[in-house]
Amino acid sequence: MPRTLLRAASAIVLTLAALNIPAAHAQEASPVDVTVNTRAALAAVPETGIGTNHAIWDTNLGTNATADLLKAAGVRLLRYPGGSYSDIYHWADHTAPGGYVAPNTDFDTFMAGVRRTGARAMVTANYGTGTAEEAAAWVRYANVTKGYGVKYWEIGNENYGNGHYGAAWEADDHPDKSPAEYARHVVAYADAMKAADPSIKIGAVLTTPANWPDAIVAEGDEGSWNEVVLSAAGHKIDFVILHWYPGALDRTGHVPDMVQLTREQIARHVGAGSERIGIAMTEFNTGSSSNGTNTQPGALAAADAYATLLANGVFSVDWWNVHNGIGAVTEVEGHTDYGDFGLLSSGVCTSDGSVCEPALNTPFAPYYALQMVGRFARPGDQFVRAATDQPAVSAHAARRPDGNLAVMLINSSRDTSYAATLDYAGFTPASGAPTVLTHTNGATAISTETGGTAGSRLLPPLSLTTVILRPDAPRPGPGAPGQPVAGGVTDTAATITWPRAAPGARPVAKYEIHRQHGAVTEQLGETAGTSFTVRNLRPGTRYTLNVIARDTGGGLSWSSPPVTFTTTAPATSSCTAKLTVQSDWASGYVGSIELTNTGAPVDGWTLAFSWPRAWQSLGSGWSAVWTEDGRDVKAVSEPGNGALATGATTTIGFVGNYSGPNVLPSVFTLNGRVCGTG
């Protein structure tokens, strides 16, 4: 692994001078190691990645000034007509009974703003008080009559909030408010809308893993909202819709599991061909007024979340909202936070007139976060793994088709500067100063400089920094292999296949298979063909692999897109342990484990497993003596159920708590032996 280090105090002082940061911060700085690995590729940067919401109650929707600011921020998708208004809005006469519709916010005005921004549009059809025929007429008007070419169409907005699960904020005139009824109408809407324009993409509303009412099964339903909707309507849709307001600034670690669990639900309930279904986060905001909604802490969390969601394959993340209005006013890190969820100031005052926002369309800090993400990772780039050894500093990286590499570093510490050293695997930076983009607390623009080195950077408190690096030499190797797929997955093996890489100046000699361990990779094998069986894997473990081509002269390709799979439990064992979720309330669940001894008789047993994630814990348990040590859980037999003859079964239960995506334990041992799942 090439390593470029620069720790000398003189270099830090030079960096401080270039950034115009007081030298006192250098004395506080603690070293941070940043690892960037271009062999560990993630998702490609989508054309529609950076999005935001427009709302028909916003008098500045579609104005030239607003559109120009959004274009400057790098916004690539605009969603209309605005959250829950979607389920009361009738596009043909531009009315929303029960809500306020601002002048000059009709669909044609919106589309004029979309075009001036240089973005794509996403339209939410009215499910709550509309019809499939009304939605189809909208498609026909947009794409046939006007030629707007609107590709993405959602069916409703947060329709699980119609009262079916208790809380009711979403309009829904259907007497039946179940997920089955929603799914039935999604099919009807899709058929009618695609009859008007077969090229459009249809999206259905899902609940976000570990966010209410995810996993709850209401009375009379065959399953949770997602299970029912995907099973009944999955064959008709092209993408699914998630919304996320985490309410805290430290939840980005939930994203990989959030996306992976959604993909697993799609695959399980839709079946063959489900890989065509994309995931869009059509509403996102940090939702953290106490920690900074429109000030720098919220902006840093936004940049971290956008990059993580896109790196995990979400094709659009849409900020709520362009303009939103003043809320609870607080002081955050030396700046007034207006509790405004907008990217741009609405220029309004509190009801008593005591506090007023800055002038209309003044960008708030999250605006610069989106702008930085757009400059860091451009459509056509590919995210690669990056990591740090300091929780207050997060790192993201993206490689570019021209061979350049961009690294975005986020220092969320409110009072500490960190001297970061950068290590690179699969990439050797050129000598000379890189291009550096920086946004600091309270700044009203992103600064650009050429300075420093590829191996070292001082990160001011509450800052966003992007370093853009050139390679030391052109990459002469072959093209990247295509998307790998995993088949024949067992408890210890899986067969990976991939499309052949295009040769460069020399023929392809072999392919290398690499496993990701965070930002570190290990080579699992190599082959001259386009299929390889990886062995000696651990049961019940999630693996992410990439494939790299090497030519006859030793030249390496970029890595393939990633493939992720989870190994199974053993097919044969001396025991089986089958976990069933009996009920779930989106922050905890009742689990039942059916334990069967298929080996020699035992007199006394210990069942053990580990929580897959740190945000999971044991609430209580029964029919055994339950203990928990960190993430390790044990259930020891009681006097009445300790003897298990060959073929005997006993059932035990527990309450599991969680505060993030609930990845269920999948590996259980009985007296130290790994069990099958029955």
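Me: Helices are DSSP runs of H or I with at least four residues, strands are runs of E with at least two, and both are numbered from the N terminus. With that in hand, where does Asn 536 lie?

Reply: This is a predicted model, where local features need pLDDT of at least 70, side-chain atom pairs count only at pLDDT 80 or more, and totals for chains, interfaces and linings use all residues. Residues are numbered from 1 along each chain as its sequence is written, and side-chain values use heavy atoms, leaving out hydrogens and water. As for Asn 536, look in the loop between strand 24 (531-534) and strand 25 (542-551).

Me: Is Asn 536 buried or exposed?

Reply: Asn 536 isn't a glycine, yet its phi is positive, at about 60°. Buried means under 20% relative accessible area, exposed over 50%, and partly exposed in between (1.4 Å probe, protein chains only). Asn 536 has 75% relative accessibility, so it counts as exposed.

Me: What about Leu 462, buried or exposed?

Reply: Leu 462 is another non-glycine with a positive phi, near 50°. You'll find Leu 462 in the loop between strand 18 (456-459) and strand 19 (463-469). Its relative accessibility is 3%, so Leu 462 counts as buried.

Me: Which residue does a cis peptide bond join to Pro 81?

Reply: Pro 81 sits in the loop between strand 3 (77-80) and helix 4 (107-117). Omega for the cis bond is about 10°, and the partner of Pro 81 is Tyr 80.

Me: How do helix 3 and helix 4 lie relative to each other?

Reply: Axes are lines fitted to C-alpha atoms, for helices over the stretch in contact, with angles from 0 to 180 degrees between N-to-C directions. The axes of helix 3 (residues 64-72) and helix 4 come within 8 Å and cross at roughly 40°. Angles under 35 degrees count as roughly parallel, over 145 as roughly antiparallel, 65 to 115 as roughly perpendicular, and the rest as oblique. Helix 3 and helix 4 are therefore oblique.

Me: What is the handedness of the crossing of helix 7 and helix 8?

Reply: Helix 7 packs against helix 8 (residues 255-270) at about 50°, with the axes 8 Å apart. That makes helix 7 oblique to helix 8. A crossing is left-handed if the near helix is turned anticlockwise from the far one by less than a right angle, and right-handed if clockwise. For helix 7 and helix 8, it comes out right-handed.

Me: How many cavities of 30 Å³ or more does the count give?

Reply: On a 1 Å grid over the protein atoms alone, a cavity is a set of points where a 1.4 Å probe fits but cannot get out, a pocket is an open set with protein on both sides within 12 Å along at least five of seven lines, and lining residues have an atom within 4 Å of a point. Points are joined across faces, edges and corners, and a volume is the space filled by probe spheres set on them. Counting cavities of 30 Å³ or more gives 2.

Me: What volume does the largest cavity have?

Reply: The lining of the largest cavity includes Pro 429, Ile 468 and Arg 470. The space inside the largest cavity is about 50 Å³.
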